[in-house]
Amino acid sequence: MKCTCSKDDLKSALQAVSKAVAEKPQTPVLAGIYLRAEDSMLEIQSTDFSLGIIAKIPANTEIEGELVVIGKKLTEISGKLSGEIVTITDEEEEAMATLKSDAAKYSLLTMSVEDFPKVKEDQEFTNSFKIRAIALKNLIRCSTFACSKDKSGKPMYLGCSIQINGSEITFVGTNTNRIAIDKEEILDNSEDFQCIIPARTLLDVSGMLDVKGNDKLVIVECSNRHVAFNFDNIFVSSRLIDGQFPPVEQVIPKSSDTVATIEVAEFREAIGRVELIARDTEYCTIKLAFSQDGLELSAIADNVGNFVEHVDAAVEGPDIEILVRVTYMIDVLKVFNEEKITIGMTKPLSAIKMCEIGNDNFVYVLMPTRSMRN
């Protein structure tokens, strides 16, 4: 094998593909990245069986061939090379691959090509649709943060429920203590269906998406077991999560006795200040006290101190005090784009509903805690 390609193209492709390199490989070859040179293209792959990524970049191929090298080391090397052009060659007899750019030359041991489980683009999918890249990136941003991080829990909470109804797509993330729901439009009608995509996959896809311009499109294809994202020169395939996603619609409050309207910027800054004390409590709990005078935030940490701050808020309805985990507030305040939000409450232990004024697509539901120690 011998080919030349742009150093920048190679670096970008390897950064994308490296997301699927197994951290703790079941077999040594899963720690590798596969390269195949053919005609005017260099194809680069990696997989950990659950996630597979293919990137294709322009290349000048002198000798067609394929090879597998240690993925982490290859990615690191691509970021250190000087010059603009990289020459990649391999010596089968010596089981070595060489990367040369300007005066720099790296030689890496190769691995068995036959043992590498190649990612297949020609899978059989039963559903497909197109969506703007900027819309998909926003859906991921507004849902994955609410997913569970606990891998020892139920698998479905490690992913987002994706539901298609006509031309509308809904993303839902939850860890049972909070729910984030966001909606966007797809560009072509698809059969209605629902699946659960791992949050890890969605975040990896989001990191690869180029959203410059509103005309960038992503093709999404689903089967009973897999989902694939196809955009630019990237193909991402992932296993879906088995399981029944909870009916979150039943948890969303249909009405609220007390509704507070707050400016996001002021609220975000105040939450940042109360977090300095709340993070020293056992469960990072803060108190939100709503009254006709506005909102009072407070936190008490044993052996540290306490915090109190008043925030302007237009409150309609009875006074109410609720206890929440400050981290759950910090997360959602990073997502809000509008200037003002509403917080709807009925009882101290009932679900809280947070919405942006000017955006009906995003809803955040949060369950209060029972005490400052819960």
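**Close-up views of a predicted model**

**View 1. The start of helix H1 in the predicted model.** A side-chain oxygen of Ser6 comes to within 3.2 Å of the backbone nitrogen of Asp8 where H1 begins. The helix covers residues 7–17, and its buried residues are Lys7, Leu10, Ala13, Leu14, Ala16 and Val17.

**View 2. Gln45 in strand E3.** The strand runs over residues 41–47. Gln45 is buried, at a relative accessible area of 2%. Its side chain makes a polar contact of 2.7 Å with the side chain of Glu43. Beyond neighbours within four places in sequence, Gln45 is in contact with Val17, Ile33, Tyr34, Ile53, Ile54, Phe116, Lys118 and Val119.

**View 3. Phe229 in the largest nonpolar core.** This core has 61 residues, and those touching the most other members are Leu10, Leu35, Leu42, Ile44, Ile88 and Phe229. When residues up to four places away in sequence are not counted, Phe229 touches Leu136, Ile197, Thr201, Leu202, Val205, Val218, Ile219, Val220, Ile234, Phe235 and Val236. A separate second core, of 43 residues, includes Val264, Ile271, Ala299 and Val311.

**View 4. Cysteines Cys160 and Cys222.** The count of disulfides is zero. The cysteine sulfur closest to that of Cys160 belongs to Cys147 and is 3.5 Å away, so the two are too far apart for a bond, given a cut-off of 2.5 Å. Cys160 is buried, with a relative accessible area of 0%. Cys222 is likewise in no disulfide, and the nearest cysteine sulfur, in Cys195, is 4.1 Å away. Cys222 counts as buried at 3% relative accessibility.

Methods. Residues are numbered from 1 along each chain as its sequence is written. This is a predicted model: local features need pLDDT of at least 70, side-chain atom pairs count only at pLDDT 80 or more; totals for chains, interfaces and linings use all residues. Side-chain values use heavy atoms; hydrogens and water are left out. Helices (H or I, at least four residues) and strands (E, at least two) are DSSP runs, numbered from the N terminus. Buried means under 20% relative accessible area, exposed over 50%, partly exposed in between (1.4 Å probe, protein chains only). A polar contact is a pair of N or O atoms within 3.5 Å; within protein, one must be able to donate a hydrogen and the other to accept it, and residues adjacent in sequence count only if both atoms are side-chain atoms. Contact means heavy atoms within 4.5 Å. A nonpolar core is a set of buried Ala, Val, Leu, Ile, Met, Phe, Trp, Tyr and Cys residues joined through side-chain atoms within 4.5 Å.
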